[in-house]
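Here are some notes to read alongside the model. Take them in order, with the structure open next to you.

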Amino acid sequence: MAKADFRAAQREPEPTFDCMFKILIIGNSSVGKTSFLFRYADDSFSHSFVSTVGIDFKVKTVYRDDKRIKLQIWDTAGQERYRTITTAYYRGAMGFILMYDIINEESFNAVQDWATQIKTYSWDNAQVILVGNKCDRDSERVITPEKGKSLADQLGFEFFEASAKENINVRQVFERLVDVILKKMAEGGDTDPSITSGTKTTRLTDTPPELPKNCAC
């Protein structure tokens, strides 16, 4: 490629988006946060376990009605030694996926502590969904769906059980989180209320709708 052509390619603008949501996946180590992210972002799953060091993220663009939404999804380390690093990323996060492992009671018992961290380090309007991961291993479960739902209700969170391995409720969790973020923004006057009015939940897609309109978030 000629130098002039190379410089021209460098100046090409990046794809635009109407809104950007920063989302964090938090919870104890080994609950499946990284697998959950890779299943959603890349539709891939690995049986190998590699502990996240510090923090990592992926970007995915989705569409809801006439909004082009860029999701910046952060995968955080669950180990105590990384806690100071990861909590620094809570600020500015609009949504959290708080995850536990249905076959690990310790990870479930830690949910309250993680919820306290969200309350301490994030902004007041951050939306949270509690996710009981690895529901494909039902015969090994120690946390019932009813117990998970009860805790979510107590904390004021929505609740899903999911499986990154079997791709159960992975997309649905992200769709619902984006939906409640948009709803909260509309209630606060931060966006066009007509986008999120009513009770209908619109499915997010990876392809743009026909003739998308511009909006300001």
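Which residues does Asn133 touch, not counting residues up to four places away in sequence? Keep that one in mind; point 3 comes back to it.

1. **Before you start.** This is a predicted model, so local features need pLDDT of at least 70 and side-chain atom pairs count only at pLDDT 80 or more, while totals for chains, interfaces and linings use all residues. Residues are numbered from 1 along each chain as its sequence is written, and side-chain values use heavy atoms, with hydrogens and water left out.

2. **The overall layout.** The protein chain has seven helices and six strands. (Helices are DSSP runs of H or I with at least four residues, strands are runs of E with at least two, and both are numbered from the N terminus.) Reading from the N terminus, the order is α-β-α-β-β-α-β-α-α-β-α-β-α. Of the 217 residues, 45% count as buried; buried means under 20% relative accessible area, exposed means over 50%, and partly exposed is in between, with a 1.4 Å probe and protein chains only. Take the contacts between residues at least 6 apart in sequence: 75% of them join residues at least 24 apart. A contact here means heavy atoms within 4.5 Å.

3. **Back to Asn133.** This residue lies in strand β5 and is buried, at a relative accessible area of 2%. As for the opening question, Asn133 touches Val31, Gly32, Phe36, Met99, Tyr100, Asp101, Ile102, Ala162, Ser163 and Ala164. With Ala164 there is a polar detail too: its backbone nitrogen lies 3.5 Å from a polar atom of the Asn133 side chain.

4. **The cores.** In soluble globular proteins, nonpolar side chains tend to be buried together. The largest nonpolar core in this model has 29 residues, and Phe21, Phe36, Leu71 and Ile97 have the most contacts inside it. (Such a core is a set of buried Ala, Val, Leu, Ile, Met, Phe, Trp, Tyr and Cys residues joined through side-chain atoms within 4.5 Å.) Two or more residues come from each of β1 (19–27), α2 (33–42), β3 (67–76), β4 (95–101), β5 (127–133) and α7 (170–187). The largest share, nine residues, is from α7. There is also a second, separate core of 24 residues, including Ile102, Ala110, Trp114 and Cys135.

5. **Leu71 up close.** Click on Leu71 and look around. Leaving out residues up to four places away in sequence, Leu71 touches Phe21, Ile23, Tyr40, Lys58, Val59, Lys60, Val62 and Val178.

6. **Two helix pairs.** Two packed helices are described by the angle between their axes and the distance between the axes. The axes are lines fitted to C-alpha atoms over the stretch in contact, and angles run from 0 to 180 degrees between N-to-C directions. Helices α5 (residues 111–121) and α6 (residues 145–155) pack at about 25°, with axes 12 Å apart, and are therefore roughly parallel. Their contact is made by Val111, Gln112 and Ala115 of α5 and Leu151, Gln154 and Leu155 of α6. By contrast, α2 and α7 cross at roughly 85°, their axes coming within 9 Å, so these two are roughly perpendicular. (Under 35 degrees counts as roughly parallel, over 145 as roughly antiparallel, 65 to 115 as roughly perpendicular, and the rest as oblique.) Here Phe36, Arg39 and Tyr40 in α2 meet Val170, Arg171, Val173 and Phe174 in α7.

7. **Two loop residues to check.** Most residues other than glycine have a negative phi, and most peptide bonds are trans. Ser30, in the loop between β1 and α2, has a positive phi near 75° and is partly exposed at 34% relative accessibility. Asn169, in the loop between β6 (158–161) and α7, has a positive phi of about 65° and is partly exposed at 23%.

8. Met20 is found in strand β1 and has 40% relative accessibility. Beyond its neighbours within four places in sequence, Met20 is in contact with Lys70, Gln72 and Met94. Phe38 belongs to helix α2, with 32% relative accessibility.

How values were computed:
A polar contact is a pair of N or O atoms within 3.5 Å; within protein, one must be able to donate a hydrogen and the other to accept it, and residues adjacent in sequence count only if both atoms are side-chain atoms.
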